[in-house]
Amino acid sequence: MPGRANATSTHFVETRASASARRRIVLSSAVILVGAWLAMPIVAHAADKHAIARGKYLVTVSSCTDCHTPGHFFGNEDKSKYLGGSDVGFAIPGLGVFVAPNLTPDKATGLGNWTPAQIVTALTTGVTPQGRKLAPIMPYEAYVKLTKSDALAIVAYLKSLPPIANQVPGPFGPKETPTTFVMAVIPGAVYARIANPPPPPPAPPPPSAPMQMTPPPAPVPMQMPPPAAPAPSPAAPEQQSK
């Protein structure tokens, strides 16, 4: 049956052609997927670099280093501890003294164990993962206006910093004595006494030496008056001559 044989041959040729085309499609798709998979880290790295650069810009213009880098308030920032926590506390009447914490990704003393979402929450609402409300000196009420991408960019930059082990002291309650320098808002009269303290009171006179008794004068030996010369005896009367 020549006709049937030709049909079978034609079908076989078409089947082989279809299979070859499918293999080419599958191979092409695999190449595309592999290429996309290989390109993903490059794209992600580029996105990370952009986010980090954006975060660095935002941290810089927000002057985060003022409060979070030691030495800033003394006019000599310690660049080796950039954003590693302050050495000056802020006194807030009725609340206490608060020292700006370590923002580097150190796990023990910084933000190393905080998730990006937790950092964004603290940044924009002032609430820590432990549920503590940050002191009002932290301007979270301004940062709440950050876009989500900008907030995450700040997180990306903070996470890119080298971790610095530096545990800041505090917070200190209103009746506790801070162990750091303190920046405070005080009445003018109090400041005047600090800036121009009154002279110290005069020193008390030295204690006087105990009074010494003057020894009594030596007794003067009593001198006896010399004995009186004996009175001359009366002359014997002359005897009359006989």
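Biologist: Where is the place of K79 in the chain?

Modeller: K79 sits in the loop between helix 2 and strand 1. Keep in mind that this is a predicted model, and that the positions below are read from it.

Biologist: Does K79 count as buried or exposed, and why?

Modeller: The cut-off for exposed is over 50% relative accessible area. K79 has 61%, so this lysine is exposed. In sequence, K79 and T69 are ten residues apart, while their C-alpha atoms are 7.8 Å apart in space.

Biologist: Helix 2 was mentioned. Where is H68, and which residues does H68 touch?

Modeller: H68 belongs to helix 2, which covers residues 64-68. Leaving out residues up to four places away in sequence, H68 touches L83, G84, G85, S86, A100, P101 and L103. Buried means under 20%, and H68 counts as buried because its relative accessibility is 11%.

Biologist: How many helices and strands are there in the chain, and in what order do the elements run?

Modeller: The chain has six helices and three strands. Starting at the N terminus, the order of elements is α-α-β-β-α-α-α-β-α. Of the 242 residues, 24% are buried. For contacts between residues at least 6 apart in sequence, 50% join residues at least 24 apart.

Biologist: How do I read the sheet? In what order do the three strands stand, and what is the pairing?

Modeller: The general idea is that strands of a sheet pair through backbone hydrogen bonds, in either a parallel or an antiparallel sense. Here the three strands make an open sheet with the order 2-1-3, and the pairing is mixed. Strand 2 (96-99) and strand 3 (181-183) are at the edges with a single partner strand each, so one side of each has no neighbour in the sheet. From one strand to the next, the twist averages 40°.

Biologist: In which sense do strand 1 and strand 3 pair, and over how many bridges?

Modeller: Strand 1 (residues 88-92) runs parallel to strand 3, and the two share three bridges. To find one of these places in the model, take V88, whose bridge partner in strand 3 is F181.

Biologist: And in which sense do strand 1 and strand 2 pair?

Modeller: That pairing is antiparallel, over four bridges. A91 stands opposite V97 of strand 2. These two strands form a hairpin with three residues between them, where G94 has a positive phi near 85°. P93 is also in the loop between strand 1 and strand 2. P93 counts as exposed because its relative accessibility is 70%. P93 lies 93 residues from I186 in sequence, yet the two C-alpha atoms are 9.2 Å apart in space.

Biologist: Now the core. Which residues touch the most other members of the largest nonpolar core?

Modeller: In soluble globular proteins, nonpolar side chains tend to be buried together. The largest nonpolar core in this chain has 19 residues, and V59, L83, L111, M138, I154 and L158 touch the most other members. At least two core residues come from each of helix 1 (2-61), helix 3 (116-125), helix 4 (140-143) and helix 5 (148-160). Helix 5 gives the most, with four residues. Once residues up to four places away in sequence are set aside, M138 touches A122, L123 and Y143.

Biologist: Which residues are buried in helix 3?

Modeller: I119, A122, L123 and T124 are buried there. The cover over the buried residues of helix 3 includes helix 4 and helix 5. Just after helix 3, G126 takes a positive phi of about 80°.

Biologist: How is the packing of two helices described?

Modeller: Two packed helices are described by the angle between their axes and the distance between the axes. For helix 3 and helix 5, the axes come within 10 Å and cross at roughly 115°. The crossing is right-handed. Helix 3 makes the contact with P116, I119, V120 and L123, and helix 5 with A151, L152, I154, V155 and K159. By class, the residues of this contact are eight nonpolar, no polar and one charged.

Note on methods:
Residues numbered from 1 in each chain as written. Heavy atoms only, no water. Pairing = 2+ DSSP bridges. Axes fitted to C-alpha atoms, helices over the stretch in contact; angles between N-to-C directions. Core = buried A, V, L, I, M, F, W, Y, C linked by side-chain atoms within 4.5 Å. Buried < 20%, exposed > 50% of the residue type's maximum accessible area, 1.4 Å probe, protein only. Contact = heavy atoms within 4.5 Å. Left-handed = near helix turned anticlockwise from the far one by under 90°. Nonpolar A, V, L, I, M, F, W, Y, C, P; charged D, E, K, R; others polar.
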